[in-house]
Amino acid sequence: MDIDNNQKPNKPKKYGIWAWVGAIYGPIIFWVLFVNLPKVEWKYVFESNKTRVARHHQKAKDIGLPGIPYWRNTGTGAVLYVNEEDIAYAMCGPDFSCSEKLNAKKGIHYLPVEGGAKRIKSNVIFALNSYWCDSYEINNSGKCRSGGWVNGSER
């Protein structure tokens, strides 16, 4: 029995390595995206730094604060409030002492901090010889560094 030149012998079909990679990892990647993408706040994904700072200032005004709250680290309760003109305000209390007369008054009082604040990045300022990070962008415990919030222990 002769084989025609037009017919090819039956060979088992071979799959390349990328076909196997796609078959194994494709459904995993699809499932991760399917689960996580609905959780993203899409209206803020492509927001510029300028509009983010303006939105945070508006959020602080709506709450009744003198500016955006900035934290040094999660180990202390020290908070600075920085307004649009980069003037830093501190709330009278254990971290920032005020005059006896002001402490005797009822209510919450804010005093400007000497030297003000210097904006390093859109979410980091430098005031009182340390870095402070925008509290609206902090999700975990950690410390504020010049590059932004660093997650982890304060120790």
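**Aromatic pairs in the predicted model**

Y110 is partly exposed, its relative accessible area being 28% (buried means under 20%, exposed over 50%, and partly exposed in between, with a 1.4 Å probe and protein chains only). This is a predicted model, so to speak of local features takes a pLDDT of at least 70, side-chain atom pairs count only at pLDDT 80 or more, and totals for chains, interfaces and linings use all residues. Residues are numbered from 1 along each chain as its sequence is written, and side-chain values use heavy atoms, with hydrogens and water left out.

Now for the rings. A pair of aromatic rings is described by the distance of the centres and the angle of the planes. Rings of Phe, Tyr and Trp (its six-membered ring) pair if their centres lie within 6.5 Å; planes under 30 degrees apart are stacked, over 60 edge-to-face, and the rest tilted. That rule gives 5 aromatic pairs. Take W31 and F34: with ring centres 5.6 Å apart and planes at 35°, the pair is tilted. Both residues sit in helix α1 (residues 17-36), 3 residues apart, or about one turn of the helix. Helices (H or I, at least four residues) and strands (E, at least two) are DSSP runs, numbered from the N terminus. W31 is exposed at 52% relative accessible area, and F34 is exposed at 51%.

Y81 and Y110 make an edge-to-face pair, 5.2 Å centre to centre with 80° between the planes. Y81 belongs to strand β2 (residues 79-82) and Y110 to strand β4 (residues 110-112), so this pair ties together parts 29 residues apart in sequence. Y81 counts as buried, at 7% relative accessibility.

Back in the other group, F30, W31 and F34 form one aromatic cluster.
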